[in-house]
Amino acid sequence: MQRTGFLFLAPYAVSFAIFVILPIVVSFVLSFMRFDLTAQSSAGFVGFDNYREALQDNYFWSAVKATLLFALMIVPGLLVIGLSMALGMNAMARGQAAVRALVFLPGMLNIAVTGILWQWFFNGEFGLFNFALKHFGGQGQPWLSDKAFAMPSIVLMSVWWTVGGTAIILLTALQQIPGMYFEAAALDGASTTRMFRYITLPLLKPVMSFVVVTTSIAGFQMFGQAFMLTRGGPELSTRGVAQYIYETAFNSYRMGYGAAMSWLLFALISVFGIFQIRMMRRPA
Amino acid sequence: MNRSVWKTINGIFMRCVAALMILPLFLMLLTSMKPEAEVLNPENVVPRVWTLSNYQQILGWAEEAPFGRWFSNSVFISSAVTLGVIVFSAMGAFAIKRLRVPGGRQFLGLIIGSMMVPGQLFLVPLYLILSKLHWLDTPAALIVPATAGGFGIYMLSQFMEDMPPAIEEAALIDGCSPAQMFLHQTLPLCAPAISTLAVFTFIGSWNDFMGPLVFMDSVRNYTLPVGIALYQTSYYTEYGLTLATSVLAVTPLLVIFALFQRQIVSSMAASGLKD
């Protein structure tokens, strides 16, 4: 029986060992090596040089800055808009299922399609947004070519792309709150805002912290959105850490340095994850 | 009365929100059917001249943007990944939860732990491993590593854990072998979980962007998302064409969504409840 058990587990376990465990080990070892696919110089161990280089690399820090900026905008954006949508859907008497499905639909698209679509919206000369702005007597905006606009534009697209999922998760949590809480509060003459503040929000807190943690983990790994819309520009202001790792490893072929930066990204995500979970655990 | 008025307004408003969310998709569809001159001057949302020339042009490309080839690559790779993930994950979850192999719990813990590691960390080492295997630029580079994903085995383990042990005991008394038990009992009972897993795996694989971008080299081996993304760089102002490629690329997903909408939305809804 046990031998059969191992036979059943074997295919997955072998695949897991080769494509999950081995890469993690290889990546860790590589991060202490010089391993350039182009250079004639032989590969070798360099100790903490890659990590030291990253910490002194202005491009790395500007990538960290872009990543943090993106996460700082997208997480509250998804939470506030997602919660508003969830509250709106929750109050619907009819048609909730259809609205729920439609709101989620953009999340089904892949980033290439999403990016092509929004690039057309954002284009300075032929774009739909500027066409609409000019049509109504306004002025066209440099949505993707100006440093001040580029990141908010990327965030706007990302909210459209993913807010449906957040809204559905929050809606489900809203529907789990027993109706008698509100009935009791209504008997005591509580206003709607007070009920929201003292019943809905506290009871939603675990789910909201789930949303904050998962969306910020995803936000820290932002790659496709900027890759499609701006390629990281203007002046690298929207190039996140993930894109810098990609370019270091696969355009400059510096595998060791890329591996080291991916461990730094992992560390950044872990620190923020732990910090957020701590914050959320504190009583309201 | 006040309250019901408010409810009506809310209902109308939320329908508008839903319409606004899918408006970009309609604009994409309508614009892809406009001649290029109309695309650049979008005074009318609905095309004045309807044309399929964008689509004809795309499907006619052979060399620089083999759209049909990308499409079939995507269909093949996503189907193979889905099949592989289901077979490996179901067998693994069966071994851990139903046959209770020693160390199974710890192994599951390790799998869940590995899911915390961001995807970027795997790019560089996977590239080197795949190059050693001579799998770069072949479908295997996108199919085989995907079977190691943790989500499927985790989800099916959760599902199998909730099945009563009496089921097995009865099967054993009847003289079933573990393989018979797996094929005739566990798999049918897990059908709902497996179909959800299949839908999610297929969508995830279809939409994967970074994998094909890094591991595929020749244009004819690209998957659809990467193909149209890189193609878009060279033709980026010909929106009629790029939007038509997008319409073709999302159509299979919209069909899947229409068929499995209930399942997809309710799994999404459940993902926050675990916490």
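This is a predicted model: local features need pLDDT of at least 70, side-chain atom pairs count only at pLDDT 80 or more; totals for chains, interfaces and linings use all residues.
Reader: How do you know how confident the predictor is in chain A, and where is confidence lowest?
Author: The score is pLDDT, the predictor's confidence in each residue, from 0 to 100. Its mean over chain A is 90, and 98% of the residues reach 70 or more. Helix 6 (residues 128-135) of chain A has the lowest confidence, with a mean of 84, and helix 3 (residues 58-90) of chain A the highest, at 96. Helices here are DSSP runs (H or I, at least four residues), as are strands (E, at least two), numbered from the N terminus.

Reader: What makes chain A and chain B count as being in contact?
Author: Contact means heavy atoms within 4.5 Å; 83 residues of chain A and 92 residues of chain B are in contact on that rule. The two chains bury about 8,000 Å² between them, 81% of it on carbon and sulfur atoms. Buried area is the accessible area (1.4 Å probe) lost on putting two parts together, summed over both. In chain A, Phe8(A), Tyr12(A) and Phe19(A) lose the most area to chain B, together 11% of what that side buries. Helix 1 (residues 2-30) of chain A gives the most to this side, with 22 residues.

Reader: How many salt bridges are counted between chain A and chain B?
Author: The count is 0, where a salt bridge needs a side-chain nitrogen of Lys or Arg within 4 Å of a carboxyl oxygen of Asp or Glu.

Reader: Why is the pair of Phe32(A) and Tyr51(A) called tilted?
Author: Rings of Phe, Tyr and Trp (its six-membered ring) pair if their centres lie within 6.5 Å; planes under 30 degrees apart are stacked, over 60 edge-to-face, and the rest tilted. Here the centres are 5.4 Å apart and the planes at 45°, so the pair is tilted. Phe32(A) lies in the loop between helix 1 and strand 1 (33-34) and Tyr51(A) in helix 2 (residues 49-56) of chain A, so the pair ties together parts 19 residues apart in sequence.

Reader: What makes the peptide bond from Gly233(A) to Pro234(A) cis?
Author: Its omega is near -10°. Pro234(A) is in the loop between helix 10 (224-229) and helix 11 (241-250) of chain A.

Technical notes. Residues are numbered from 1 along each chain as its sequence is written. Chains are lettered from A and ligands numbered from 1 in the order in which they are written. Side-chain values use heavy atoms; hydrogens and water are left out.
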